[in-house]
Amino acid sequence: MSNLVEENLRTVKQQMELACQASGRKTEDVKLLLATKTVPLEKLQMAMQAGEVLFGENKAQELRDKFPLMQRYNRVEWHFIGHLQTNKVKDVVKYVTLIHSVDRLKLGQALHRQLVNENKTMDILVQVNTSYEESKFGVPPEVALELVEQLSQFETLNIKGLMTIGKLNATNDETRHCFRLLKSIQAEVQERGFPRVDMDVLSMGMSGDFRVAIEEGATIIRVGTSVFGQRYLPDSYYWNENVRQDE
Ligand SMILES: *Cc1c(COP(=O)(O)O)cnc(C)c1O
């Protein structure tokens, strides 16, 4: 018996495979993360039953709500992919194995403080605003290197790479430009050889642009709509909150 989520997963994986073939990459080098904001538990469960193990949430509250379900599937891992306010850090480090969205020093400091308290370390990615769109979070590309250097002073943070949201409703060339920019920042950072900085992970590509992202070197693609269907809340609810950047 198959359901719509399973069918969508099959389609997405075929497309991933084609993009890998087209760019001479191995399929196992690209991970599929399912973006689950607003997705009801039944659909989440379908994906878990289909064998999916990597999920990403945008809000601490939704993460908390969905956590009990996740615990029933022991291989499942959660990542945090949304804008993270410093007062939510405590909740988030409890549940996730990778935070994709570290985009300012203040957040790094808050994470470090919490992790020291808990005697833990955390894998993180630095989010870069490669499209320069105001509605999106992320450090401007010109200061990404500096932020990575500043964050590398915190011995509780393992910097694993970079994340970006490509320009939306754009042509393939425009999104490709965003992904290439991220890749070039990765190379720049690698050259510097900061402590605790690996830079192997490139989290880029969503439903509309993951094929291009794979061609440009993505190691994690974050897909929601193509697997779960349209969301009932607009993305501006998640990406354009009226929060101060230093919160
Ligand atoms: C919602 C979201 C995605 C997935 O977007 P789709 O277009 O639904 O695939 C990926 N990354 C982030 C940060 C998101 O908030």
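What span should the 12 residues of α3 have at 1.5 Å a residue, and how far apart are its end C-alpha atoms? The 12 residues of α3 should span 16 Å, and the end C-alpha atoms are 16 Å apart, which agrees; the expected span is 1.5 Å times one less than the number of residues. This is a predicted model, in which local features need pLDDT of at least 70 and side-chain atom pairs count only at pLDDT 80 or more, while totals for chains, interfaces and linings use all residues. Residues are numbered from 1 along each chain as its sequence is written, and side-chain values use heavy atoms, with hydrogens and water left out. Helices (H or I, at least four residues) and strands (E, at least two) are DSSP runs, numbered from the N terminus.

**Nonpolar cores**

- The largest nonpolar core has 68 residues; such a core is a set of buried Ala, Val, Leu, Ile, Met, Phe, Trp, Tyr and Cys residues joined through side-chain atoms within 4.5 Å.
- W78, V96, I99, L111, L151 and I221 have the most contacts inside this core.
- Helix α1 (residues 4-22) gives the most to this core, with six residues.
- Another core, of nine residues, lies apart from it and includes L33, I81, V201 and I220.

**Helices α2 and α3**

- Helix α2 (residues 41-49) packs against helix α3 (residues 60-71) at an angle of about 35°, with the axes 11 Å apart; axes are lines fitted to C-alpha atoms over the stretch in contact, and angles run from 0 to 180 degrees between N-to-C directions.
- On the α2 side, L41, L44, Q45 and M48 meet K66, L69 and M70 of α3 (contact means heavy atoms within 4.5 Å).

**Helix α5**

- Helix α5 (residues 105-118) has 14 residues that should span 20 Å at 1.5 Å a residue, and its end C-alpha atoms are 20 Å apart, which agrees.
- L107, G108, A110, L111, H112, Q114 and L115 are the buried residues of α5.
- Their cover includes α4 (89-95), β4 (98-102), β5 (122-127), α6 (141-151) and β6 (157-163).

**Helices α6 and α7**

- The axes of α6 and helix α7 (residues 172-192) come within 10 Å and cross at roughly 35°.
- P141, A144, L145, V148 and E149 of α6 make the contact with L181, I185, E188, V189 and R192 of α7.

Notes. Buried means under 20% relative accessible area, exposed over 50%, partly exposed in between (1.4 Å probe, protein chains only).
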